[in-house]
Number of protein chains: 2
Amino acid sequence: MNQAVTACVIIIGNEILSGRTQDINLNHIASTLGGWGIQVHHARVIPDDEDIIVNTINEVRKTYDYVFTTGGIGPTHDDITAVCVAKAFDVPIIQHPDIAERIRQRPAPDDIMASRLLMARVPEGAGLIDNPSGGPQGFAMENVYVMAGIPRVMQAMLSTLEGKLESGFVVRSQTVRAYTGESSIADALARIQNDFPSVDIGSYPFLREERYGTHLVIRGADTSVLATVADAVMDAVRAIGEEPEDLGLDADA
Amino acid sequence: MNQAVTACVIIIGNEILSGRTQDINLNHIASTLGGWGIQVHHARVIPDDEDIIVNTINEVRKTYDYVFTTGGIGPTHDDITAVCVAKAFDVPIIQHPDIAERIRQRPAPDDIMASRLLMARVPEGAGLIDNPSGGPQGFAMENVYVMAGIPRVMQAMLSTLEGKLESGFVVRSQTVRAYTGESSIADALARIQNDFPSVDIGSYPFLREERYGTHLVIRGADTSVLATVADAVMDAVRAIGEEPEDLGLDADA
């Protein structure tokens, strides 16, 4: 069994914290990385503030194997992520020739080009994250991966990292659906959790077509253990007179 | 002018970090509090882990005026938020008679009732957050407000706090839409931002019906300053040959 490989996601942007924009990047990054054997253990949403960005990056890059940021790499005055990452690593900010070349392929008047070229700024020593959406590339500085905030562009960038990151075990999930209240099975679940410490059993109540139910999600690296625990959970549901449904592995319930 | 009143939101739950569930609570809390004159300056998403929850609460409750948590107050073994808040404040956990009374209104066998009553646990000294959705109440310990994770229930709880929290100035926004690339107006925007440090100008590119455009969002407490800055931004857009659209105050663009 491989080790756990962990990540922290930093969502940078006042527009998320003001409630103007609903973030969907964390969800996409978490599920994508999860499939690659990298577990997101922590996420932060922080404002476009230099000190906060620098301090946050420096705090989390030492704690997690990978850090992924989204937002703040455009061409306007409020796009300060690249400068902040350079400060965090205490290196100069430079214009990356490959990003500049891509930007120059689309001609523009001098002043507009100068603004666009702000998107070519990376900390000295950074590698690039390719951008199949056609725009300027993102970059990586050591274990910190800096991506765009626009979901379509972020997703394009992230997709290019598949197979290039260190990976650990993949956490799989098996989901059992039961039309019962959580309290009815809480005791049994706690006992099963206690018996199988290598898995993580979560209970998520829902209301669907006027019926209350609970998704019992068993997470772990070993699918044979997941199956054993799922059987125990199903037995516990039957013991209170309900018929459980096994939604199977990695179900979107 | 009142002072700024700030908040940190803590989203507690493995299901958000695994990508299984898309969080929508942060967005609702941020926009609701914003309207009440409380600004969310920071948010964290953390796992169902006792040490992490305790340490996070103790870190942020000293930094922000308010802390709002969602998730982990149900009746199953993975619902550990109340216990963690008690540990963070170093007080015993007790059964709150008012929550217990509400839970007992719905009869159940003894073992199920025992599980349900786990939802009545609060740190000693906590006040209640009413729950118009009918379920058990949330609670507040000093400046830490502990709410359910299910969006419908969280929203019901939060609504009961209107008018009961300390409030500062309300940050308003005025949005100008321009069908132009960000780079074309980056210089002008930076100059305007420099001239009006009391506002915060954000630039958010979009693609709509195959046309690229940018929402220029001006945020600040004084609507007359917002109007002045919006005029300057509209002039800057006209100067590059585009006709801007003033979407007005607090527009959902």
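Please bear in mind throughout that the model before you is a predicted one.

Asn27(B) leads us directly to the other chain. Leaving aside residues up to four places away in sequence, Asn27(B) touches Gly19(A), Thr21(A) and Gln22(A). With Thr21(A) there is a polar approach: a polar atom of the Asn27(B) side chain lies 3.3 Å from the backbone oxygen of Thr21(A).

Let me now turn to the interface as a whole. On chain B, 56 residues are in contact with chain A, and on chain A 56 residues take part. Between them the two chains bury about 4400 Å², with 50% of that area on carbon and sulfur atoms. Three residues deserve mention here: Arg20(B), His77(B) and Ser183(B) supply 16% of the area that chain B buries against chain A, more than any other three residues.

What kinds of polar pairing does the interface hold? The rule finds 18 residue pairs in polar contact across the interface, both partners being at pLDDT 80 or more. Salt bridges across the interface, by contrast, number zero.

Which parts of chain B form the side that touches chain A? At least two residues each come from several elements, including α1 (14-17), α2 (25-35), β2 (39-46) and α6 (110-116). Further along chain B, α8 (182-195), β10 (200-208) and β11 (211-220) also contribute at least two residues each. The largest share, eight residues, comes from α8(B). Sorted by class, this side of chain B has 24 nonpolar, 19 polar and 13 charged residues.

Strand β2 of chain A, residues 39-46, is joined to β2(B) by three bridges, and the two strands run antiparallel. Within this pairing, Val45(A) stands opposite Ala43(B).

Chain A is divided into domain 1, residues 6-159, and domain 2, residues 172-249. The C-alpha centres of these two domains lie 38 Å apart.

Thank you for your attention.

Key
Residues numbered from 1 in each chain as written. Chains lettered and ligands numbered in written order. Predicted model: local features only at pLDDT ≥ 70, side-chain atom pairs only at ≥ 80, totals over all residues. Heavy atoms only, no water. Contact = heavy atoms within 4.5 Å. Buried area = accessible area lost by both parts, 1.4 Å probe. Salt bridge = Lys/Arg side-chain N within 4 Å of Asp/Glu carboxyl O. Polar contact = N/O pair within 3.5 Å; in protein donor to acceptor, adjacent residues only side chain to side chain. Helix = DSSP H or I, 4+ residues; strand = E, 2+ residues; numbered from the N terminus. Nonpolar A, V, L, I, M, F, W, Y, C, P; charged D, E, K, R; others polar. Pairing = 2+ DSSP bridges. Domains from an automatic or database assignment.
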